[in-house]
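Thanks for coming, everyone. Let me put the structure up, and then we'll walk through it.

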Amino acid sequence: MIPISHVLVLSALLFSIGVLGVMLRRNVIVVFMSIELMLNAVNLSFVGFARTMDDMTGVIFIFFIIVVAAAEAVVGLSIILSIYRTRKTLNIDEFNLLKW
Amino acid sequence: MSQIWLVPAFPLLGFLLNGFFGKFFGKRFVTIIAPAAVGFAFLQSLVLFFEMRAADGHRLVETLYTWMATGSFQVDVAFQVDQLSGLYLLIITGVGFLIHVYSIGYMGAEAGYYRYFAFLNLFIFFMLVLVLGDSFLLMFVGWEGVGLCSYLLIGYYFEKHSAAEACKKAFLFNRVGDFGVLSAVMLIFVTFGTLNFNIVNAEAATQLESGGILVTVITLFLFLGATGKSAQIPLYVWLPDAMEGPTPVSALIHAATMVTAGLYMVARLSHLFVLAPFTMNMIAVIGAATALLAASIALTQTDIKRVLAYSTVSQLGYMFLALGVGAFTAGIFHVMTHAFFKALLFLGSGSVIHAMHHEQDMLRMGALRKKLPVTYLTMLMGTLAIAGIPFFSGFFSKDEILWKAFSSPLGGGGFWLIAFVTAGMTSFYMFRLIYLTFHGESRVDSHTAEHLHESPAVMTVPLVILAVLSVFGGFFGVPHVLNFLPNGMELYFKGFFAQVPETTPGSAAAEIGLMVASVLLAVIAWSLAHRYYSTSLDAVTALRNRLQTTYRLSLNKWYVDELYNAVIVQPGKLFSTFVLWKLIDQNIIDRLVLLPGNVARGVGSGLRLAQNGVLQSYALIFSLGAMLILGFVLL
Amino acid sequence: MAFVTTTDLIPLIPELILLGAAFVVLLLDLFAPGSQRTTLAVTTIVGFVIALVAEIQLLDSGATGFYGTIVADGFSILFESLYLVIGILTVLLSLHYLDDHGIGFGEYYVLLITAVVGMMFMTSSLELLVIFIGLEIMSISSYILVGIRRRVPESNEAALKYLLLGAFSTGFLLYGISLLYGATGSIRIPEIVVALQEPGALNNPLAIIGVALIIIAMGFKVAVVPFHMWTPDVYSGAPTPVTAFLSAAAKAAGFAMFVRVLLTGIPLEAELWKDLFWAIAVLTMTVGNVMALMQNSVKRMLAYSSVAHAGYIMVAVVVGTPAALSSVIFYSCAYAVMGTGAFGILTVRHFGKTPDSYDDLAGYARYKPCLAFLMSVFMLSLIGLPLTGGFIGKLQIFQAALEEGWVWLTVIGLLNSALSVYYYLRVVVCLYMREGSVPDGAVLEVAESPGFALTGLVGAASVVVYLGVFPQTLLELAASSVSTLF
């Protein structure tokens with residue numbers, strides 16, 4: 001059996017990669033995917049804990065996270081679509097009308 | 001039951017009805033509602049007044065509700081009627097009612113009729129709250145409220161540039177005073193742990209060291225507030241400009257009621273003030289100086305309302321002098337008589353202005369007494385009263401102040417002399433006003449002359465009533481030395497005000513002597529005015545040429561406005577134009593901000609770099625913050 | 001044996017009513033032609049009002065449901081009523097704005113309702129899963145609301161920033177919850193509290209990191225420094241009624257969650273957390289005020305000032321006594337109303353355009369005296385002058401802080417308050433002292449201000465003054481609702 005520490009380290013790594021992706025990538029879609037990665041890292045840690053404690057709560061939580069992430073993706077992609085229509089770009093650095 | 005809340009409730013209701021429905025229901029509705037609201041308040045005040053006289057300790061208190069009670073303190077919203085507020089109640093609602101009635105005639109042709117009466121009702125409401133409140137809380141509400149209404153009513157003719165300027169000036173100068181009041185209130189709250197007047201008065205002597213720094217600072221702050229509201233040096237300059245408002249407003253707010261709020265506050269806290277001899281002295285000095293300065297300016301003004309405005313400032317100075325020498329009763333007595341005769345004079349001048357189609361320059365009047373007989377006679381009564389001609393009301397109250405200024409341990413010969421000279425000037429400029437307006441040859445232009453007419457009864461009846469009060473009002477407080485009637489005022493206020501330790505009561509002979517002297521002076525001034533102004537103006541022109549410098553000083557109000565402009569306004573302007581011009585935007589707040597604003601802006605420009613609009617730098621800062629927090633809690 | 005009975009639904013009655021209202025509005029939008037916008041707004045308001053009535057009925061019922069997961073205690077009822085009131089105000093302020101800007105979507109009202117439902121779940125639940133779902137319902141609804149002017153680049157950009165950063169912070173929240181779950185074995189607040197109170201529980205790094213991550217995510221929702229960066233951009237890009245709604249209701253919901261989850265649940269008495277909150281409070285007040293001072297757009301200034309107000313509330317969070325917590329509630333309510341009012345003024349067109357910069361406010365005193373007066377009331381309350389709700393709120397907070405000996409915190413707070421006077425008064429100066437010039441070609445709308453909006457604004461101003469003159473009712477409510485938390 002895989003010890004919980006391994007799961008936690010992996011999940012922390014995935015989470016950090018996600019955070020770095022949000023900060024560094026220029027394409028909005030990729031940024032959005034990085035956020036999904038963060039959520040999946042969370043899922044991983046939930047499932048790890050659930051298994052160690054032999055408790056279903058963590059697993060149930062994951063289902064809700066997946067649903068919410070899907071809902072967020074729908075809204076997110078449509079917002080990205082409409083901003084592409086007005087700005088004709090997906091480069092995140094160029095979305096800086098609102099500042100200071 | 002006492003039902004104190006009814007008194008302010010009537011004018012508030014009047015304000016709401018007039019303000020919200022006046023436009024729809026029309027003039028007749030407003031004409032009935034507005035004076036009726038104040039009339040009912042007057043009736044209720046009368047009932048309360050007699051109840052208060054019958055009550056134990058001459059005080060009625062009505063707690064409306066607890067404003068807030070948390071932790072260590074509780075503040076109630078409560079009304080109280082005692083000797084001081086009872087008298088003020090009658091003055092405010094009584095004189096207020098007459099002025100409302102008068103306004104029906106005076107403002108009849110104005111477009112904003114309902115707006116005017118709504119504000120006038122609102123003013124009465126706030127003034128009543130000011131005097132009825134049993135704590136600084138309500139007093140301050142009223143204090144700010146009357147300021148607001150005064151501001152709105154001065155700016156009533158807002159399309160006139162000078163009116164807009166005047167209301168701005170009133171607003172600014174009053175804010176300086178408010179700063180004083182607020183600071184004092186905070187200090188009092190910290191010291192006493194309460195805002196209730198009665199507790200503050202009762203505990204003042206035990207909590208504060210007599211003559212100590214704290215009590216001196218508190219009272220000086222309060223007095224600063226009083227100088228703003230009651231138009232004393234150095235904050236008096238707004239009052240003459242406030243004459244841009246309609247004349248009944250000048251009568252009500254800027255003569256009879258609001259401007260005496262500062263006196264009310266000092267009298268209300270007499271037990272606190274007597275602990276600070278320095279402040280008392282200051283009050284007396286400022287009062288005397290204001291009285292003299294304003295009277296000297298009034299000597300040469302030609303605008304009929306401005307003469308009265310400076311006269312008001314001067315009379316208020318008189319009252320402060322009285323308070324400053326510890327003669328609280330005399331000061332409040334003068335508030336009352338002054339309310340009668342000054343309201344009368346203002347309303348009379350309004351009647352003249354009304355007849356003259358808004359001409360206010362006395363040099364274009366003259367010989368009006370035939371055309372305006374009622375106005376003339378009533379104004380003459382008012383003039384006799386203010387000049388201190390024996391047995392008119394002003395004689396008693398003014399003489400009481402003169403005598404106290406002389407005999408009180410806090411007073412002295414100097415104060416008496418200034419007040420004495422001022423009394424002479426008062427008599428002179430008032431009779432000058434009468435002669436210029438009503439006697440001599442007519443300088444009215446022919447077009448106006450054709451339409452000259454006496455005002456309608458709705459205006460003259462209030463004049464007559466006020467004239468009767470001005471003539472007989474003084475018998476409420478006949479000085480002891482004359483002794484043909486008991487001194488009603490002193491009996492009324494028995495035990496209310498703080499006592500100033502009496503030294504030796506001055507001799508009756510001295511009092512009689514001083515009294516005769518001041519009467520003589522008044523009569524001499526009268527005859528001088530008669531000599532120079534009753535027929536033609538040639539003699540006075542010659543005199544003016546001989547006294548060029550003095551004349552100009554007085555005419556230009558001792559250049560105080562110019563002085564303020566040169567010392568405060570202009571350097572500020574230069575500073576901001578040349579020093580900060582390029583650094584700061586050119587709007588008012590930025591000018592006020594100066595230092596803290598600049599520092600904040602410096603920091604802000606740094607912070608602004610982070611807020612660059614790029615999402616990823618926000619995510620970066622978020623993550624950095626998160627890392628800091630995690631590092632902080634783990635290490 | 002039934003796991004869930006109808007009695008479980010009792011504490012959810014207001015939420016159910018709102019969901020019903022949302023369906024009705026959706027259907028009405030389908031079948032009523034586009035000209036009937038007022039119908040939708042009125043239906044929405046009716047839904048909010050009925051829910052509010054239900055809320056009041058629930059008071060003192062002590063109803064709980066779903067094995068204690070959902071509670072209707074004084075705390076949740078007070079906050080939920082606040083959301084409903086803000087919801088009503090927002091609808092009143094929206095009608096003319098939607099017309100002016102050609103936002104013809106019936107979904108607008110539906111999303112408003114669902115956002116409120118999300119907040120209500122956040123506030124009334126004791127389980128982190130339900131709280132999370134409520135939070136997401138609220139957030140997703142508001143992402144769309146922010147971007148509802150989909151042809152306007154600023155609105156798009158605001159929505160995108162809000163969405164991405166919101167989802168980003170959700171990641172932190174979930175990560176925190178999962179670690180806390182790992183450390184305590186539960187996601188229900190009462191059980192977590194019990195587990196954490198065992199000796200040595202707080203030495204577990206999982207628990208500490210978990211709590212810290214939750215603090216970070218909640219800090220994002222209530223917009224405290226350094227997690228506030230989204231606020232000005234989103235608030236200035238969103239349609240103004242939505243901005244009002246977010247700054248008032250969403251922020252209040254954030255603080256409700258903050259109080260429920262962190263302050264009464266998890267033992268945070270340790271100096272460690274106090275120091276952390278202290279730093280956050282000071283930073284938030286200062287950065288918010290300083291940045292607000294720099295703005296030329298009134299809307300953006302108000303956005304930054306909302307950050308500053310979150311800082312004042314954080315002062316009370318630092319203090320953490322019951323008196324301080326009840327001041328959190330009072331201030332949230334007071335700020336919600338005055339903030340909504342201030343943003344609300346900016347929804348009404350003046351000289352043919354929606355006001356934005358300070359210069360746009362010139363001439364109000366002359367052409368729109370009523371609005372100028374109302375705006376001054378809101379500004380004076382935001383400054384915290386006596387006789388307004390803002391004054392009582394600040395008094396409560398700083399008094400609570402002083403009683404616990406937080407002298408420096410109070411001094412910094414008061415200095416910040418003084419700084420805020422500058423930019424708030426600047427608004428009043430523009431309203432009253434500057435003459436507006438009618439721009440060329442602009443139609444001077446002498447017509448009265450839109451009735452719905454005016455109703456809402458007058459209502460908000462009355463509440464602001466009411467809270468200043470008769471604060472005792474709400475103070476007592478707040479105190480008693482705090483007592484239900486412990």
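Of the 635 residues in chain B, 52% are buried, where buried is 20 or more other C-beta atoms within 10 Å of a residue's own, with C-beta atoms placed from the backbone. A word on the source: this is a predicted model, where local features need pLDDT of at least 70, side-chain atom pairs count only at pLDDT 80 or more, and totals for chains, interfaces and linings use all residues. Residues are numbered from 1 along each chain as its sequence is written, chains are lettered from A and ligands are numbered from 1, in the order in which they are written.

Staying with chain B, we have 26 helices and two strands. Those are DSSP runs, numbered from the N terminus: helices are H or I with at least four residues, strands E with at least two. The radius of gyration of chain B, taken over C-alpha atoms, is 27 Å. Along the principal axes, its C-alpha atoms fill a box of roughly 95 × 60 × 55 Å.

Next, the cores. A nonpolar core here is a set of buried Ala, Val, Leu, Ile, Met, Phe, Trp, Tyr and Cys residues joined through C-beta atoms within 7 Å. The largest has 239 residues, and C:Tyr83, C:Val116, C:Ala249 and C:Ala316 have the most contacts inside it. Helix α6(C) gives the largest share, 18 residues. Another core lies apart from it, with 208 residues, including B:Val81 and B:Ile218.

Now a helix pair. How do α2(C) and α3(C) lie to each other? Residues 37-58 form α2 and residues 74-100 form α3, and they pack at about 170°, axes 9 Å apart. Axes are lines fitted to C-alpha atoms over the stretch in contact, and angles run from 0 to 180 degrees between N-to-C directions. Over 145 degrees counts as roughly antiparallel, so that is what this pair is.

Last, the contact between chains. Chain C brings 39 residues and chain B brings 31; contact is C-beta atoms, placed from the backbone, within 7 Å. On the chain C side, α11(C) gives the most, seven residues. That side divides into 32 nonpolar, three polar and four charged. Nonpolar is Ala, Val, Leu, Ile, Met, Phe, Trp, Tyr, Cys and Pro; charged is Asp, Glu, Lys and Arg; the others, Gly among them, are polar.

Notes:
Contact = placed C-beta atoms within 7 Å. Rg over C-alpha atoms; globule rule 2.2 N^0.38 Å. Buried ≥ 20, exposed ≤ 12 C-beta atoms within 10 Å, placed from the backbone. Parallel < 35°, antiparallel > 145°, perpendicular 65-115°, else oblique.
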